[in-house]
Amino acid sequence: MNYLRLEYKRMLKCRTFIMSIIFSVAIVLLDAGQDYWLYMQGIDAHMSVFEKWIGVRYISYGSVVWNFLFVILVSVPFSCTLCSEIKNHYDLHVISKIGKRKYFSVKVLISFISGFFISFVTLILDFLILALYNKAVYPEVDSMSVSIGQNDFLSAYFYSHPYIYCTVWLLIICIWAGIFSVFTLTVGLFIRKGAIALIVSQILVILQDILSRFIPFLINGLSVELSWRGLLYGNSLALNPWCTILGNQLALLLLCMIAICWKGKKYSYV
């Protein structure tokens, strides 16, 4: 518990953690700035904050940058510390006191928390800024401003209880952030270089996005979203039922846990 508390405090004081927060805030300002300019021009002024929130929308400059750099932004604060500690042999000092299992477990947990926290702050801030001038009216089913249909996850709640819908999607995206952070940590165990691990993680996620387009999966004749990046929005281009979201998250997290356990057992520190 003492080591967990120590690593948590270290995360909050980490320079890269602060820089990631700052960059994420810049993305929020880009998203809100573009939306405010369009709002003043009378474009999309009829849409509610629920439809414009970055957790739902994917067409603004801010949301595009957020989506593309998502893996790096949520991973850079803490995922690379394991690489540097192993490289500098600092891990030997810690493992000799608390053991390998606790060492790797704490690293995974703090990595997940750091990614979750960055995403949480970004999404909450974006919603609050947009809510300053956009109406919080309930979206209309026939408005055609979003493509959230009956087979999408919690689609009925989007039109009847949008606050609940946005809260649930906030948690879903933050969980994705935590998993991607753990994913980068896992890649770093094999590469041992933090900067390269970030790049490789980004490339792997992009490749998964490309490959998922060649896997046909239909519900009622409609295409289902299998891309990890595509599942970062409520209003995805394809269907996003709960089984797709939960299945992809569990599959990626399980893959990371298996790789970390296998690497941890093989890791020699004497």
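**Two helices side by side**

I began with helix α2 (residues 15-40) and helix α8 (residues 100-131): their axes come within 9 Å and cross at roughly 25°. The axes are lines fitted to C-alpha atoms, for helices over the stretch in contact, and angles run from 0 to 180 degrees between N-to-C directions. Helices (H or I, at least four residues) and strands (E, at least two) are DSSP runs, numbered from the N terminus.

I noted that α2 and α8 are therefore roughly parallel to each other (angles under 35 degrees count as such). Their crossing is right-handed, that is, the near helix is turned clockwise from the far one by less than a right angle.

Next I listed who meets whom, with contact meaning heavy atoms within 4.5 Å. From α2 the list includes Phe17, Ile21, Val25 and Asp35, and from α8 it includes Phe117, Val121, Thr122 and Leu130. By class, I found 12 nonpolar, four polar and three charged residues in the contact of α2 with α8. Here Ala, Val, Leu, Ile, Met, Phe, Trp, Tyr, Cys and Pro count as nonpolar, Asp, Glu, Lys and Arg as charged, and the others, Gly among them, as polar.

**How the model was handled**

This is a predicted model: local features need pLDDT of at least 70, side-chain atom pairs count only at pLDDT 80 or more, and totals for chains, interfaces and linings use all residues. Residues are numbered from 1 along each chain as its sequence is written, and side-chain values use heavy atoms, with hydrogens and water left out.

**Two residues**

I picked Thr122 in helix α8. Is Thr122 buried or exposed? Thr122 is buried, with a relative accessible area of 2% (buried means under 20%, exposed over 50%, partly exposed in between; 1.4 Å probe, protein chains only). Leaving aside residues up to four places away in sequence, Thr122 touches Ser24, Val28 and Trp66.

Then I went to Leu154, in the loop between α8 and α9 (155-160). Leu154 is not a glycine, yet has a positive phi of about 55°. Most residues other than glycine have a negative phi. Leu154 is partly exposed, at a relative accessible area of 22%.

**The whole chain**

I counted 12 helices and two strands in the protein chain. Of its 270 residues, 49% count as buried. The C-alpha trace spans about 65 × 40 × 30 Å along its principal axes. Among contacts with a separation of 6 or more, residues 24 or more positions apart account for 74%.

Methods. Angles under 35 degrees count as roughly parallel, over 145 as roughly antiparallel, 65 to 115 as roughly perpendicular and the rest as oblique.
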